[in-house]
Amino acid sequence: MDKDFGVLTLATKRDYIKAVAMACSMREVSPGIPICIVCTQQIADIVGQYFDYVVIERKGIKGFAHKILLDEYSPFNKTFFIDADMLVYKDIRKMIDDWGEKRYAAGGSIIFEGKSSFGLDRNYVLNKISKEKFSDISGAGHAYFEKPHCTEVFELGRKIMANYTDYANPCRFADEDVIGIAMSILDIAPVDSSGYIGMPNHAINNSFRSNILEQKCSYVDELFGETEPTAVHFAAMQQPLVYAREQQRLLNKNHIKIKGLWKKAFLELYTTKVLWPLAAFRRKLKGIDLNSKA
């Protein structure tokens with residue numbers, strides 16, 4: 001099988017069903033593109049048959065840190081990485097062709113201040129690296145990169161990851177912040193992914209509509225208006241029941257039976273609709289209590 005261009009994803013024990021559904025959606029709209037999964041041997045034994053290539057992840061590395069190793073994991077010369085919690089509605093080749101040849105490309109924007117969702121202070125970083133603009137790829141969930149030119153980006157990312165306190169204020173570690181710092185140092189601007197990569201939580205007035213088998217998805221974006229994205233990122237447990245329905249459609253069409261899909265969806269719904277609001281309410285009460293004591 002040709003290794004010039006392919007799709008890469010990562011899967012954990014929590015999201016390997018999503019990775020299989022993503023692969024099914026990719027094959028619906030981008031046939032002929034090989035797909036590689038990076039995971040543990042345990043997960044490979046369960047779902048490896050649904051992918052063209054399986055790469056066993058390195059031991060001793062956890063969570064987001066694996067994304068700083070994507071160039072080493074990928075068996076392809078040109079790679080489109082996509083998070084497991086995404087579904088693809090249109091052929092990705094047009095999107096990548098529009099981006100052009102890139103050593104590293106991810107959707108985002110140039111910003112000059114503020115904090116990331118993980119607490120990274122961009123002003124602090126810009127002062128540290130002597131730059132004026134920060135390449136923000138928050139929540140991208142995707143990246144396109146070409147060997148060997150991408151090596152500079154990933155090697156710098158690994159250097160930043162190993163010495164994070166030299167670049168960042170005290171905050172939670174996140175791959176998107178690490179790569180954002182590397183892109184900023186190397187003067188690599190994010191690509192414009194508006195219209196290509198969608199998110200359900202960006203839809204206004206309950207406008208999100210999806211039928212993965214008909215290769216249709218549309219909504220009114222809060223910033224860009226009518227949108228028909230190439231891929232949708234169901235990040236942070238967005239629209240868990242809609243997402244589960246679309247995954248189930250894909251699994252059924254491909255005669256794949258994997259248990260736990262709907263159980264996980266209802267657990268995510270409970271988390272977002274009950275647990276998170278309760279936690280926010282408790283924080284608010286705690287804040288009121290502290291203010292009253294003051």
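Six strands make up an open sheet here, ordered β3-β2-β1-β4-β9-β6 with mixed pairing; strands pair if DSSP finds at least two bridges between them. Helices (H or I, at least four residues) and strands (E, at least two) are DSSP runs numbered from the N terminus. The edges belong to β3 (53-56) and β6 (104-105), each with a single partner strand, so one side of each has no neighbour in the sheet.

This is a predicted model, where local features need pLDDT of at least 70, side-chain atom pairs count only at pLDDT 80 or more, and totals for chains, interfaces and linings use all residues. Residues are numbered from 1 along each chain as its sequence is written, and side-chain values use heavy atoms, leaving out hydrogens and water.

Now the helices. Helix α1 (residues 16-29) lies across β1 (5-10), β2 (35-39) and β4 (78-82), at about 170° to β2. Axes are lines fitted to C-alpha atoms, for helices over the stretch in contact, with angles from 0 to 180 degrees between N-to-C directions.

The axes of α6 and α7 come within 9 Å and cross at roughly 120°.

| Helix | Residues in the contact |
|---|---|
| α6 | Val 153, Leu 156, Gly 157, Ile 160, Met 161 |
| α7 | Val 178, Ile 181, Ala 182, Ile 185 |

Notes. Contact = heavy atoms within 4.5 Å.
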